[in-house]
Amino acid sequence: MAILFNHMKEDHHEQLEIHYFTPSAFEKAGPAWPIRLGANIAKTGYHIGPRITPYYYLIMVLEGEGIFIQGGQTYTLRKNDLFCLFPQVTHEYYTMEHALLRKAFFAFDGKLALQLLDRIGLGPYRPHLPNGLTADALALMEQFFNLVSNKEKPPSDLSRLAIFHQLFDTLSESKIPHGTPASAGSWLQKAKDYLEIHYADGITIESVAEYVGIDRTHFSKTFNKAFGLSPMKFVQQLRMNEATLLMKQTDYKLAEIAQSVGYPDLFSFSKAFKKQLGVSPNTYRKQ
């Protein structure tokens, strides 16, 4: 871990090392690309925000404790937690004075950035993943710092992209493990978490019921009773929430948004959108 803190610069509320990238045309033609890489050690009184960012930030808690606030929700930060800052969403986080935060992070962007985050179990409605940092991912972060710290041989766009995607691949190992829960409460939460992560992946209610080891009919009835809507309507709500967020915060084409939230084409997305919100996607975006 020491290599992450080799070139720190003093600031009034932290010690910081940060590296900035200029994405190449090749990187920008792809689904997502890194923009900056950094690490910091909080000082007493360290408090960020409330503010917004133009990019996605994936932040890894290496030491210490803190509080993270985003989307009206408050999360406690502890060692090995992951949390994500989303573009144009107000966030705030600060350290606990008895356990000052040490963090590593990278910022990134791209039209499929949300899908990358989904792979590791993070999304706009689940921006915090307790104990999501793996030893292998931390080792890759050290490699990333090594790569960009080499002044004699600056990294190419391909080398940045390679380690960037390796990180997401490695972090995906921290997703919720399979297994049969013991109680209704645990399998319901497991099913809800699974739907929140995979709603855009073309999943079926049968596959979710099988995942938690419950008969489909019993699963649907119990889920409806617990959460006030059927599993399918819950999925529909997640898709529409994500779609409206993308319409407000990006300039992606409607067809791209449709595929990003799990619809095979623009027609089926538009039909579902109008049924759910009462207006077409085009009309909603104009409003």
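Start by selecting Ile48: its bridge partner is Tyr93, in β9. A quick word on what you have open: this is a predicted model, where local features need pLDDT of at least 70 and side-chain atom pairs count only at pLDDT 80 or more, while totals for chains, interfaces and linings use all residues. Residues are numbered from 1 along each chain as its sequence is written, and side-chain values use heavy atoms, with hydrogens and water left out.

Strands here (E, at least two residues) and helices (H or I, at least four residues) are DSSP runs, numbered from the N terminus. Two strands pair if DSSP finds at least two bridges between them.

**Stop 1**

Next, select β6 (residues 66–70) and β7 (residues 73–77), an antiparallel pair with five bridges. Phe68 stands opposite Tyr75 in β7. Click on Gly71 too: in this hairpin, with two residues between the strands, Gly71 has a positive phi near 60 degrees.

**Stop 1: the seven-strand sheet**

Here the order is β1-β2-β3-β10-β5-β8-β11, again open and antiparallel. β1 (9–10) and β11 (128–129) are the edge strands, pairing on one side only. Seven bridges link β5 (residues 56–63) with β10 (residues 102–109) in the antiparallel sense; Met60 has Ala104 in β10 as its bridge partner. Helix α3 (residues 135–149) packs on this sheet, touching β2 (14–20), β3 (33–42), β5 and β10, and its direction makes about 105 degrees with that of β3. Contact means heavy atoms within 4.5 Å.

**Stop 2: two crossing helices**

Finish with α8 (residues 231–249) and α10 (residues 266–277), whose axes come within 11 Å and cross at roughly 100 degrees. That makes α8 roughly perpendicular to α10 (the term covers 65 to 115 degrees). Among the residues that meet are Met240 and Met247 in α8, and Phe269 and Phe273 in α10.

Conventions. Axes are lines fitted to C-alpha atoms, for helices over the stretch in contact, and angles run from 0 to 180 degrees between N-to-C directions. Angles under 35 degrees count as roughly parallel, over 145 as roughly antiparallel, 65 to 115 as roughly perpendicular and the rest as oblique.
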